[in-house]
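Please keep the model open while you go through them.

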Amino acid sequence: MSASHSPSRLVSELEPLLQVNQVAKYYGERIGCEDISFTLWPGEVLGIVGESGSGKSTLLRCLAGLDTPSHGEVLFRHGGGMVDIFSLPEATRRAMMRTEWGIVHQNPRDGLRMDVSAGGNVGERLMDRGDRHFGAIRTSAGDWLSRVEIDKSRIDDRPRQFSGGMQQRLQIARVLVSEPRLVFMDEPTGGLDVSVQARLLDLLRVLVRDLGIAAVIVTHDLAVARLLTDRLMVMKDGHVVEQGLTDQVLDDPHHAYTQLLASAVLAA
Amino acid sequence: MIPMLEAKQVSKAFTLHNQGGVTLPVLNNIGFTVHRGEALVLQGPSGVGKSTLLRILYGNYRPSTGHVMVRHGESMVDIVHADPRLVLQVRRKTLSYVSQFLRVIPRVSTLDIVKDPMLGRGVPDGEATLRAQNLLARLNLPERLWALPPSTFSGGEQQRVNIARSFVDPTEVMLLDEPTASLDAGNRTVVVELINEAREKGASIIGIFHDEAVRDSVATRSLDLTPLKVAA
């Protein structure tokens, strides 16, 4: 993989892509997440770290439109302005979830159709977008399989015949083929062994940068956060306890919890 | 005399919450200005806070008080308080930090690592490749290694990859934390030349060098952090 830069990352973008205001999610009395506000700009990669149960996946589900927040708003740039995705009709939001942003789930089974071929999984997204020419869709699907380093000869195989790492790469191709402006990732390397992780991380790093897409990545792995993200939010008990540039937060943590996290890893 | 970096009343104390909340004061009220084409060398015994100061200038550590103003294009940006997006832009174009350690990215070749910052600044791929190759050769890194990721290289080889990456397209302000440590004499001479060439082309250098000979051949000024006085 080359390490070429997309010129789009050089442009100083004046308009935010995503604006999150005071988002909270409650499960009865229990706090999932609370008082979350931030702005994400085109091409920016935001990491959300914290241990299991800190509310980071809950937050991600609210941002991606999979869950409705109990309070607050999630504004997405759409048609020249910022729209609250939860004020939109369900069908419109669903359509945006397939075209404007994408979601890479921790478990590829949640993001793939296991009984549809690899080519079909990728091509389906292009058909959602309105592409109709079968030959062109198949060619594009094949190209995307190569980009995520799956041999084109596997295009007609079903994902259940793939290894875990291949399934995850296929899921990424399925999400990126429709060229979303924003990608949400929930522990994208969770459950993969270390060598496969390294390969996937490099792939993600290059894809995100070359395509200039913005991303929100939830992870408990600080090394993953350092490699992939520009900015970091640290969550504990549903709240953001510290945020800033990724290298700042990891190298000079100020909050007690972040200091504990940063000192608990061997080398991040 | 164009000021390129101004540190104003910079103080830093580390509070270790998980070790009984103990506070370690490191820097107290540091201030200086570095102009275009100057090389300021930070001096003082180990532990006096030279590396901490350098990291604060880069925006990697957050000072307890103070400002760090860096000339970025037409404006002066306060690295301490600027929006993270702006700090990243300043780092991409204007301000670089060079240590003796290379942060290896899995699977990325040596040549691509060296080209990467140039491509990020819009240098065409062909030119970036040529310049990267020339500098790797000048730093005596064998050509057979260029296509390989440096994860398996020796410490000294990785260090030279890191130096090539930083000096192939020098930024206007460069922060150097012991870039020549543990290099052999031949390569150390090349690095000293690179630093001086960058400075003569207008770069401002702030650095830490333990090797006295290197320090003397690089510095135009020095700042001793121990008793806090600026020597001429």
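1. Let's start with one pair across the two chains: Asp247(A) forms a salt bridge with Arg91(B), with the closest N and O atoms 2.8 Å apart. (A salt bridge here is a side-chain nitrogen of Lys or Arg within 4 Å of a carboxyl oxygen of Asp or Glu.) Between chain B and chain A the count is four salt bridges.

2. A word on what you are looking at: this is a predicted model, where local features need pLDDT of at least 70, side-chain atom pairs count only at pLDDT 80 or more, and totals for chains, interfaces and linings use all residues. Residues are numbered from 1 along each chain as its sequence is written, chains are lettered from A and ligands numbered from 1 in the order in which they are written, and side-chain values use heavy atoms, with hydrogens and water left out.

3. Back to the interface. Eleven residue pairs are in polar contact between chain B and chain A, both residues at pLDDT 80 or more. (A polar contact is a pair of N or O atoms within 3.5 Å; within protein, one must be able to donate a hydrogen and the other to accept it, and residues adjacent in sequence count only if both atoms are side-chain atoms.) On the side of chain B that touches chain A, the elements giving two or more residues are strand E1 (3–16), helix H2 (84–93) and helix H3 (110–120). H2(B) supplies the largest share of that side, seven residues. (Helices, H or I with at least four residues, and strands, E with at least two, are DSSP runs numbered from the N terminus.)

4. How many residues take part? The contact joins 29 residues of chain B and 36 residues of chain A, contact meaning heavy atoms within 4.5 Å. The two chains bury about 2,700 Å² between them, 48% of it on carbon and sulfur atoms. (Buried area is the accessible area, 1.4 Å probe, that two parts lose on being put together, summed over both.) In chain B, Arg62(B), Arg85(B) and Arg107(B) lose the most area to chain A, together 27% of what that side buries.

5. Now the inside. The largest nonpolar core has 39 residues, and Leu139(B), Phe167(B), Leu176(B) and Ile195(B) have the most contacts inside it. (Such a core is a set of buried Ala, Val, Leu, Ile, Met, Phe, Trp, Tyr and Cys residues joined through side-chain atoms within 4.5 Å; buried means under 20% relative accessible area, exposed over 50%, partly exposed in between, with a 1.4 Å probe and protein chains only.) H6(B) gives the largest share of this core, six residues. Leaving out residues up to four places away in sequence, Phe167(B) touches Leu135(B), Met174(B), Leu176(B), Leu194(B), Ile195(B) and Ala198(B). A second, separate core of 36 residues includes Ile137(A), Ile150(A), Ile213(A) and Leu228(A).

6. Is Asn196(B) buried or exposed? Asn196(B) sits in helix H6 of chain B and is buried, at a relative accessible area of 15%.

7. Glu149(A) has a positive phi of about 65 degrees although it is not a glycine, and it counts as partly exposed at 22% relative accessibility. Glu179(A) also isn't a glycine, yet has a positive phi of about 50 degrees; at 59% relative accessibility Glu179(A) counts as exposed.

8. Lastly, helix H1 (residues 50–58) of chain B is mostly covered, with seven of its nine residues buried. Just after H1(B), Gly59(B) takes a positive phi of about 85 degrees.
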